[in-house]
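Please walk me through this structure in plain terms.

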Amino acid sequence: MRARMSLSRTVVHGARAGAGLGFSLGAWIGVVDGWLALRAAGEVAGPFVGRLGTLLVAALIDASVGGVVAGVAGALLAAVLHVAQRAAPVLSYTQRVRSVRPVAIAILLATGAAVLVAVAGLVGPREGGTERPNFLLISVDTLRADHVGAYRYERATTPHLDQLAKGGALFESAYAQSSWTLPSHVSMLTGLDPDAHGVLTARDRIDPRLATLAEHLSQAGYWTGAWVGTPRWGYVGAQYGFDAGFDSYRHSPHPKRFRSSWLVRKLDSWLSRKFFRDVGNAREEVDSVLEWLHGARRTPFFLFVHFYDVHSKAASLPYEAPEPFFDRFCDSGIESFDGCEAGLCASNRLVAMARGEARRFDASELDQVRCLYDGGVAFVDDEIGRLFEALRGAELWKQTVVIVTSDHGEGFFEHGSSLHATLHDEITRVPLVVRLPGGGVGKRVRGVVSLTDLVPTVLELAGADVDPLRQGRSLVPVLQGGRDDVGNAAVAFDSGPKWAMIRRGDQKLIQFLSSGNARPRVDSELYNLALDPHERRNRARGKPRQVERLRAELRGRRQLGRSFHQTVLGGVPATSVDVGEEERKRLRALGYVE
């Protein structure tokens with residue numbers, strides 16, 4: 001009995017000593033962890049109070065984890081030493097540990113003081129010249145143009161975007177260059193068609209020899225920062241080269257205030273996935289931008305903010321927003337609809353439907369899906385409104401060019417498919433609203449434009465050199481001069497690519513590309529969008545000359561892109577991205593298939 005009590009006391013002593021040392025060492029590691037976080041994101045860490053809070057939270061969390069781990073280890077070590085040496089050496093061991101503890105605490109305090117002194121100089125806004133405009137480019141992933149109020153949608157989903165359009169220019173026929181996220185965003189940020197930039201599959205990344213919009217603006221003296229709604233391995237992540245030219249590139253999950261250190265971010269991310277299904281990430285994303293705006297901002301700046309909250313989800317419901325937006329547009333709630341059937345849920349079920357491997361939604365279910373999607377649109381619009389209000393509060397609204405667009409839309413079986421697998425207008429036609437500093441009378445531009453037009457437009461407004469190799473054209477004459485004579489052609493490609501689209505004026509051709517793919521039953525679709533805006537009547541058989549004319553123009557556009565790729569990049573694809581199996585699994589859960 002005494003031996004057991006002696007062993008128990010020894011284990012307790014060992015656990016206490018180990019926990020004490022672990023807590024002290026963990027706190028020291030936490031301060032270093034917080035310091036590294038501030039160093040990695042010094043421009044978005046916020047003012048002094050935010051930096052101090054980050055260090056203290058990191059120290060507390062790391063110390064707690066360290067204390068638990070060290071306490072368990074100390075108890076085990078004490079038991080082993082007791083059994084081996086009959087406890088006496090163990091007591092001397094605990095005494096030695098106790099004598100080390102004050103030294104560890106002293107090191108902790110000294111390190112914390114040094115770190116606070118080191119980061120104190122990074123406080124407060126940093127202003128540059130005010131003669132050049134700032135730029136805010138917002139990309140709302142998967143946002144359909146016809147679900148935005150300013151594009152005559154019947155539901156009040158986007159009051160803030162609608163208000164922006166009243167003080168700027170709304171482009172009624174803006175087109176993305178791809179039906180999926182990766183190549184579309186590359187085109188948006190390089191001004192090049194997919195054939196030219198070469199990012200066509202999930203393994204391709206931006207070639208470092210291609211200068212992006214951020215790189216051009218950085219060279220012109222702009223501070224460049226990005227907040228994106230995907231992890232590093234996502235299709236707008238640094239893994240694909242999107243961080244080139246950015247002074248700060250922040251991925252999801254965006255830490256809450258005081259929670260920027262590595263361990264705290266990991267805990268936050270786990271809790272978000274476990275209990276909140278990654279719903280509502282835009283809120284923390286905007287909070288992070290606001291921290292920067294109110295703290296260590298620099299001007300002139302270029303901010304790229306990408307929201308992923310409208311995109312289909314990976315948990316149960318196909319689309320989901322936090323309250324109070326969750327079922328705002330569902331007349332009687334979603335009742336028993338949970339998005340699952342036969343073990344398939346969310347995006348997995350949508351993918352199975354698109355492949356013909358699962359029953360499609362019936363009319364009632366489809367109404368539920370649309371209203372849930374609209375809830376996500378309204379949620380992101382509300383967060384965008386917070387961002388706009390912060391710009392006004394920081395007296396930056398009158399000096400900032402604001403651009404809101406999307407990389408692609410979403411299908412609700414208008415053409416037999418869910419997600420974004422086709423090149424019809426519900427997928428490739430995207431919202432585009434541009435507001436110049438000072439605002440102006442809202443105008444609606446009818447001409448056809450492309451996301452490739454954004455790079456030359458921004459560079460001209462910034463007074464920077466416009467790269468002559470860009471395929472897009474500047475929209476500045478339209479924005480400043482009241483003219484409407486923009487180009488009237490656009491192209492887009494799907495994954496692979498297997499299909500290509502070209503629009504010339506009101507005529508639109510969707511053409512199958514026969515490069516090694518099994519030929520479909522119908523390989524050409526021709527629509528007159530003036531007479532048939534919903535693309536219900538394929539006129540290809542009755543208009544062979546028109547089809548051939550558009551095919552020839554599409555071939556010419558593709559040849560131009562390929563020639564660029566050959567001349568500038570030597571026809572060699574960029575370094576491929578190694579996507580891990582866990583990352584592939586999560587991408588498939590979001591509806592991306594290989």
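**A walk through the predicted model**

Strand 13 and strand 14 run antiparallel and are joined by six bridges. Helices (H or I, at least four residues) and strands (E, at least two) are DSSP runs, numbered from the N terminus, and two strands pair if DSSP finds at least two bridges between them. Such pairing in a sheet is made through backbone hydrogen bonds, either parallel or antiparallel.

The model is predicted, so local features need pLDDT of at least 70 and side-chain atom pairs count only at pLDDT 80 or more, while totals for chains, interfaces and linings use all residues. Residues are numbered from 1 along each chain as its sequence is written, and side-chain values use heavy atoms, with hydrogens and water left out.

Strand 13 is mostly covered, with five of its six residues buried. Buried means under 20% relative accessible area, exposed over 50%, and partly exposed in between (1.4 Å probe, protein chains only).

On its other pairing, strand 13 is joined to strand 12 by five bridges, and these strands run antiparallel. Val 491 stands opposite Ile 502 in strand 13. The hairpin of strand 12 and strand 13 has five residues between the strands, and here Gly 496 takes a positive phi near 125 degrees.

These strands belong to an open sheet of four strands, in the order 12-13-14-15, with antiparallel pairing. Strand 12 and strand 15 are the edge strands, each pairing on one side only. Neighbouring strands of this sheet are turned by 10 degrees against each other on average, direction ignored. Helix 15 packs on the sheet and touches strand 12, strand 13, strand 14 and strand 15; its direction makes about 70 degrees with that of strand 14. For such angles, axes are lines fitted to C-alpha atoms, for helices over the stretch in contact, and angles run from 0 to 180 degrees between N-to-C directions. Contact means heavy atoms within 4.5 Å.

Helix 15 covers residues 544-569, and at 1.5 Å a residue its 26 residues should span 38 Å; the end C-alpha atoms are 36 Å apart, which agrees. The expected span is 1.5 Å times one less than the number of residues. Among the buried residues of helix 15 are Val 547, Leu 550, Leu 554, Arg 558, Gly 561 and His 565. An α-helix has 3.6 residues a turn, so residues three or four places apart point the same way. The cover over the buried residues of helix 15 includes helix 6 (194-197) as well as strands 12, 13, 14 and 15. Gly 570 follows helix 15 and has a positive phi, near 70 degrees.

Gly 487 is buried, with a relative accessible area of 14%. Gly 487 and Gly 447 are 40 residues apart in sequence, yet 6.4 Å apart in space, C-alpha to C-alpha. Leaving aside neighbours within four places in sequence, Gly 487 is in contact with Gly 447, Val 448, Val 449 and Arg 473.

Elsewhere in the protein is strand 1 (residues 134-140). Seven of the seven residues of strand 1 are buried, so it is largely enclosed by the rest of the structure. Asn 134, Leu 136, Ile 138 and Val 140 point one way from strand 1, and Phe 135, Leu 137 and Ser 139 point the other way. Strand 1 runs parallel to strand 6 (residues 400-405), joined by six bridges, and parallel to strand 5 (residues 301-307), also joined by six bridges. Phe 135 has Val 401 as its bridge partner in strand 6 and stands opposite Phe 302 in strand 5.

Taken as a whole, the protein has 16 helices and 15 strands. Of its 594 residues, 56% count as buried.
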